[in-house]
Amino acid sequence: SGDWKPRLSQGFLRFSPDGSFVIRAGRIGYDAYLLAESRQVGYSYIAVRPSPDFYGQISNDDVDGLDVAYTHRVGRGLLKARVYGGDSSGELAFADRTHSEFDAGIAGATFDYLYGGWTARVAFLRFDIEGDASLPLLAGALRATGFPSAIAVADDIDDREFRSQGVQVGVAYDDGPMLAQLMYARIDSESITGPDVSKLYAQFGYRV
């Protein structure tokens with residue numbers, strides 16, 4: 001929208017009765033991407049900028065809600081499970097210099113296994129996005145044309161809420177100066193307002 005107003009990206013209360021169990025409530029990151037709870041911490045990446053084709057699938061970083069995490073030793077490594085949910089809002093910017101705001105309910109879970117410098121992750125994420133107020137007007141105009149294809153599009157976009165759900169599978173090796181990552185992500189959407197996405201991302205770096 002062209003302004004530079006400061007915005008709180010994370011702020012939460014944390015309760016941990018022992019080293020394995022953690023509850024957080026407030027504004028948290030939902031940590032869908034491996035080694036990246038927030039996309040804003042640029043210096044934690046080897047790349048000059050994270051790949052927008054991969055990291056751009058999610059347009060905001062935070063959830064106003066809570067999460068619960070539990071860590072348990074399995075074999076010689078650690079298994080970490082985390083579930084979270086809450087509300088989120090954000091903006092989408094377009095090439096014609098316009099933007100769109102949205103509100104969504106978010107729920108997800110991540111399962112990590114850590115062993116030495118290795119981390120493997122399976123993450124699940126679901127968005128329930130509120131429909132734009134102008135969509136019913138557009139749907140009405142499309143139905144008025146009488147064309148079957150236009151009516152089909154109108155039926156697809158004329159809803160109060162749209163659901164998208166995704167899964168990410170990744171493995172990373174981060175030890176000393178070396179970092180390697182391989183990640184796959186897929187997002188399936190019920191509506192054309194959110195396209196289906198399937199992406200594979202690989203990176204190798206050596207710090208000197």
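A salt bridge here is a side-chain nitrogen of Lys or Arg within 4 Å of a carboxyl oxygen of Asp or Glu. The structure is a predicted model.

Me: How far apart are N and O in the salt bridge of Asp-67 and Arg-82?
Reply: The side chains of Asp-67 and Arg-82 meet in a salt bridge. The cut-off for such a pair is within 4 Å. The N to O value for Asp-67 and Arg-82 is 2.7 Å.

Me: Which strands does the pair of Asp-67 and Arg-82 link?
Reply: The two residues lie 15 residues apart, in distant parts of the chain. Arg-82 belongs to strand S4, which covers residues 77–93. Asp-67 is in the other strand, so the pair links S4 with S3.

Me: Are Asp-67 and Arg-82 buried or exposed?
Reply: Buried requires under 20% relative accessible area, and exposed requires over 50%. Both Asp-67 and Arg-82 fall in the class that is buried.

Me: Which residue is linked with Asp-67 and Arg-82 in a network of salt bridges?
Reply: Asp-67 and Arg-82 pair through their side chains. They also belong to a network of salt bridges, whose remaining member is Arg-24.

Me: Where in the chain are the partners Asp-64 and Arg-27?
Reply: The side chains of Asp-64 and Arg-27 form a salt bridge at 2.7 Å, N to O. This pair links distant parts of the chain, 37 residues apart. Asp-64 is in strand S3 (residues 62–74), and Arg-27 is in strand S2 (residues 21–29).

Me: How many salt bridges does a search of the whole structure find?
Reply: Among them are the pairs Asp-64 with Arg-27 and Asp-188 with Arg-186. The search of the whole structure gives a total of six.

Me: In what order do the elements run from the N terminus on?
Reply: The protein has three helices and nine strands. Written from the N terminus on, the order is β-β-α-β-β-β-β-α-α-β-β-β.

Technical notes. Residues are numbered from 1 along each chain as its sequence is written. This is a predicted model: local features need pLDDT of at least 70, side-chain atom pairs count only at pLDDT 80 or more; totals for chains, interfaces and linings use all residues. Side-chain values use heavy atoms; hydrogens and water are left out. Helices (H or I, at least four residues) and strands (E, at least two) are DSSP runs, numbered from the N terminus. Buried means under 20% relative accessible area, exposed over 50%, partly exposed in between (1.4 Å probe, protein chains only).
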